Amino acid sequence: GGTYADNIALDLGFDLERIAGIKNTSLLIKLSQRDGRSVSQQYIAPSVGGNVFTVQELYGGETFKLANVQFTTRFLDDRLNLAYGRLVANDDFLRSNLYCQFLNNSFCGSPKPVFLQNPFTFTAYPLATWGVRARYDTPNRDWTFQLAVYDGDPEDKGGNPAKPPNNPHGTNWGWGNNGVTLAAEAQYHLNRDSLQALPGVYKIGAYYLTGQFQNVASITNETERGNATGWLLAEQMLYREAPGDKRGLWGFGSLVFSLTNDTNPMTWYFNAGLVYQGLFRGRPKDTTGLAITSGWFGDQVNSAQAAQGLPSKTYEAVIELNHMFVVGNGLLIGPDLQYIIRPAGTGDIDNALALGAKLSIQF
């Protein structure tokens with residue numbers, strides 16, 4: 001069987017220096033309307049409500065949502081960047097421009113383990129929360145450092161894992177009651193903006209969530225305070241067809257690891273992939289991608305599984321291959337192939353082959 005899902009987005013940008021005389025400041029407002037059904041929930045692993053690495057990155061929160069209402073002010077010749085307002089944590093942290101070549105939600109927009117805590121706290125589009133983020137580039141722009149603090153209760157669950165989410169449209173702007181999210185990341189830029197040498201960026205970061213989260217070994221919604229995760233991320237151009245040319249091969253990889261295994265169900269995760277722009281000479285803007293990802297569940301999760309008479313979870317993995325045809329200005333069509341290994345991690349559900357396509361229209 002198959003399904004359809006969509007995301008209709010409206011992004012509004014305002015230059016507040018031109019509009020109101022507020023120097024070096026802009027306002028970004030993002031709106032989202034999502035519809036459709038989940039292939040993962042209905043066909044890949046329906047007995048458990050879907051596999052972990054869902055195959056449609058734009059499925060989730062099928063309704064109208066107000067996402068970012070974000071002010072950004074720039075200082076020091078744009079080397080210091082301060083964002084504040086309704087922010088999306090994943091817009092800034094543990095992010096690669098190569099990830100959304102792929103349709104699987106474990107790549108686009110970020111490695112999935114950072115979103116598996118309950119209550120959900122580390123936000124991703126189209127869910128935003130109150131926050132402040134500072135980003136600083138060193139004078140030679142070889143290093144970037146960023147720090148942020150976000151409200152730790154974007155869905156107004158108050159640290160109760162059993163409570164339903166209470167911010168369906170992103171319009172509940174009260175401050176929550178489950179601590180804060182603290183995030184930090186350092187980035188090293190190799191050959192940044194070079195037209196001759198091969199550029200790359202290498203990142204190390206972590207977050208700490210100060211609120212209450214479900215103890216994954218418990219079957220009674222018992223909670224523990226604190227949730228922490230760290231990561232390493234790299235993206236590197238490996239081959240350029242000619243100096244200054246965008247055509248060439250990029251590689252990426254990431255490692256995500258839990259620092260609080262009692263509140264993180266997936267304790268280790270990695271992904272790796274290749275993206276080639278202009279693989280076919282007559283189509284210089286097309287991109288071709290091949291990637292693999294895998295995540296391993298911790299012993300605490302299996303304590304809860306055993307207590308309920310359920311099979312143990314080991315790992316889930318995905319291999320994805322696709323090609324994005326740039327048909328015209330703002331028009332993209334991408335056939336996609338995914339193979340899901342050990343859906344839900346138990347080995348009791350058959351591996352799945354998912355054939356799909358992405359249509360993207362931007363104007």
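**Figure 1. Glutamate 57 is a buried residue in this predicted model.** Its relative accessible area is 17%, which places glutamate 57 under the 20% limit for buried residues. The side chain of glutamate 57 forms a salt bridge with that of lysine 358, with an N to O distance of 3.9 Å. The two residues are 301 apart and belong to distant parts of the chain: glutamate 57 is in the loop between helix H2 (39-44) and strand E3 (64-75), and lysine 358 is in strand E15 (residues 352-361). Lysine 358 is partly exposed, at 22% relative accessibility.

**Figure 2. Arginine 133 and aspartate 92 are joined by a salt bridge.** The closest N and O atoms of the pair are 3.4 Å apart. Because arginine 133 lies in strand E5 (residues 129-137) and aspartate 92 in the loop between strand E4 (80-87) and E5, the contact ties together parts 41 residues apart in sequence. Arginine 133 is buried, at 2% relative accessibility. Aspartate 92 is also buried, and its relative accessible area is 9%.

**Figure 3. Glutamate 241 and arginine 281 form a salt bridge between two loops.** The N to O distance is 3.4 Å. Glutamate 241 is in the loop between strand E9 (223-240) and strand E10 (248-258), while arginine 281, 40 residues away, is in the loop between strand E11 (266-277) and strand E12 (287-297). Glutamate 241 is partly exposed, at 21% relative accessibility, whereas arginine 281 is exposed, at 62%.

Figure 4. In the whole structure, a search finds 10 salt bridges.

Methods: Residues are numbered from 1 along each chain as its sequence is written. This is a predicted model: local features need pLDDT of at least 70, side-chain atom pairs count only at pLDDT 80 or more; totals for chains, interfaces and linings use all residues. Side-chain values use heavy atoms; hydrogens and water are left out. A salt bridge is a side-chain nitrogen of Lys or Arg within 4 Å of a carboxyl oxygen of Asp or Glu. Helices (H or I, at least four residues) and strands (E, at least two) are DSSP runs, numbered from the N terminus. Buried means under 20% relative accessible area, exposed over 50%, partly exposed in between (1.4 Å probe, protein chains only).
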